[in-house]
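This briefing describes a structure with its sequence alongside. Please keep both in view while reading the points below.

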Amino acid sequence: MTAQADDELWSAISDPSRRRVLDLVVTNGEVSASWLAGRVPFTRQAVAKHLVVLEEAGLVSRRKLGREVLYQVQADRLDQASRAMAQLAAQWERRLAAIKRLAEAAHAENKEGHRHDR
Amino acid sequence: MPGLVIERDVLIEAPAEVVWRTITEPDQMAQWFADRVELVVKPGAHGYMQFGDQGGPVVVEVVDPPTRFSFRWNYPPGEEPVTGNSMLVEFTLTPEGDERTRLRVVECGHELRDWPDAEKQRYADEHRGGWGEYLDRLAGVLAER
């Protein structure tokens, strides 16, 4: 994933209302904007805007079926995002584990030093 | 990466002062973070971190020993880091007894500092566990569908 694509992705899911829309798409398969609008406490216009952002981030795609436009989740993208996130989190886990090791070793050394001073 | 939030913490068997030195002294940072760290731990100080053959600038934000340390990184070279073009890394140290410290790190693209406390709390509650849990849950729903 490029940095630009990352930006769009994290921005897309940073909004609680948008996550609610994405939740509904994920849970229900192919759905229309008006179906979604009937299940959230905000306007149909707001739903349409959220869908545009989610589509730009690659998280949902749409197709026309007769007069309706149906949205569905892009599983690959979601999976990719989930893995990128796990990687970043794992990096911090490793760093914190290293800090813990270093600080505890330094603390043990300090205590040892004090004992010899006495 | 605006919108990205990572939050992790660890319990360390050492006083906050010792943990503070580990996270702020450049030669210590080089052991858990970057390969090479050039940094003066002073608010507003510009530094540099080298990772293998790549590297980037870093700017120190908050220095409040031994409880808070934060810096910005991941911003375009030549630009000043602000909200939206950089990531803020914030360490918080909380003593738990005499010789134990809870170290918490939050990395995010949002400006939380200037928000009212109630807003901050709401945001933190909402993002507990970070995006990892949210995405994992969605992936789980998708797998079962």
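Predicted model: local features only at pLDDT ≥ 70, side-chain atom pairs only at ≥ 80, totals over all residues.

In chain A, Arg62(A) stands opposite Tyr71(A), a residue of strand E3(A).

**Strands of chain A**

- Strand E2 (residues 60–65) of chain A pairs with E3(A) in the antiparallel sense, and six bridges join the two.
- E2(A) and E3(A) form a hairpin with two residues between them. In the turn, Gly66(A) has a positive phi of about 60°.
- E3 (residues 68–73) of chain A also pairs with strand E1 (residues 31–32) of chain A, again in the antiparallel sense, over two bridges.
- Tyr71(A) in E3(A) is the bridge partner of Val31(A).
- In general, strands of a sheet pair through backbone hydrogen bonds, either parallel or antiparallel.

**Two helices of chain A**

- Two packed helices are described by the angle between their axes and the distance between the axes.
- For helix H2 (residues 16–28) of chain A and helix H4 (residues 44–56) of chain A, the axes come within 10 Å and cross at roughly 80°.
- Angles of 65 to 115 degrees count as roughly perpendicular, and H2(A) and H4(A) are therefore roughly perpendicular to each other.
- H2(A) contributes Ser17(A), Arg18(A), Val21(A) and Leu22(A) to the contact, while H4(A) contributes Ala46(A), Val47(A), His50(A), Leu51(A), Val53(A) and Leu54(A).
- Of the residues in the contact between H2(A) and H4(A), seven are nonpolar, two are polar and one is charged.

**The sheet of chain B**

- Chain B has four helices and seven strands, arranged along the sequence as β-α-α-β-β-β-β-β-β-α-α.
- Seven strands of chain B form an open sheet in the order E1-E7-E6-E5-E4-E3-E2, with antiparallel pairing.
- At the edges lie E1 and strand E2 (36–38) of chain B, each of which pairs on one side only.
- On average, neighbouring strands of this sheet are turned by 20° against each other, direction ignored.
- E5(B) and E6(B) run antiparallel and are joined by six bridges; Phe71(B) has Val89(B) in E6(B) as its bridge partner.
- Helix H1(B) lies across E1, E5, E6 and E7 of chain B and runs at about 160° to E6(B).

**Arg68(B)**

- Arg68(B) belongs to strand E5 (residues 68–73) of chain B.
- With 14 other C-beta atoms within 10 Å, Arg68(B) is partly exposed.
- Not counting residues up to four places away in sequence, Arg68(B) touches Val62(B), Phe91(B) and Thr92(B).
- Arg68(B) and Trp20(B) are 48 residues apart along the chain, and their C-alpha atoms are separated by 8.7 Å.

**Nonpolar cores**

- The largest nonpolar core has 28 residues, of which Ala103(A), Val19(B) and Leu103(B) touch the most other members.
- Helix H5 (75–117) of chain A gives two or more residues to this core, as do E1, H1, E5, E6 and E7 of chain B.
- H1(B) gives the most to this core, with five residues.
- Leu103(B) touches residues of both chains, among them Leu96(A), Ile99(A), Val19(B) and Phe91(B), not counting residues up to four places away in sequence.
- Another core, of 20 residues, lies apart from it and includes Val21(A), Leu36(A), Tyr71(A) and Met85(A).
- Of the 145 residues in chain B, 28% are buried.

Conventions:
Residues numbered from 1 in each chain as written. Chains lettered and ligands numbered in written order. Axes fitted to C-alpha atoms, helices over the stretch in contact; angles between N-to-C directions. Parallel < 35°, antiparallel > 145°, perpendicular 65-115°, else oblique. Contact = placed C-beta atoms within 7 Å. Nonpolar A, V, L, I, M, F, W, Y, C, P; charged D, E, K, R; others polar. Buried ≥ 20, exposed ≤ 12 C-beta atoms within 10 Å, placed from the backbone. Core = buried A, V, L, I, M, F, W, Y, C linked by C-beta atoms within 7 Å. Pairing = 2+ DSSP bridges.
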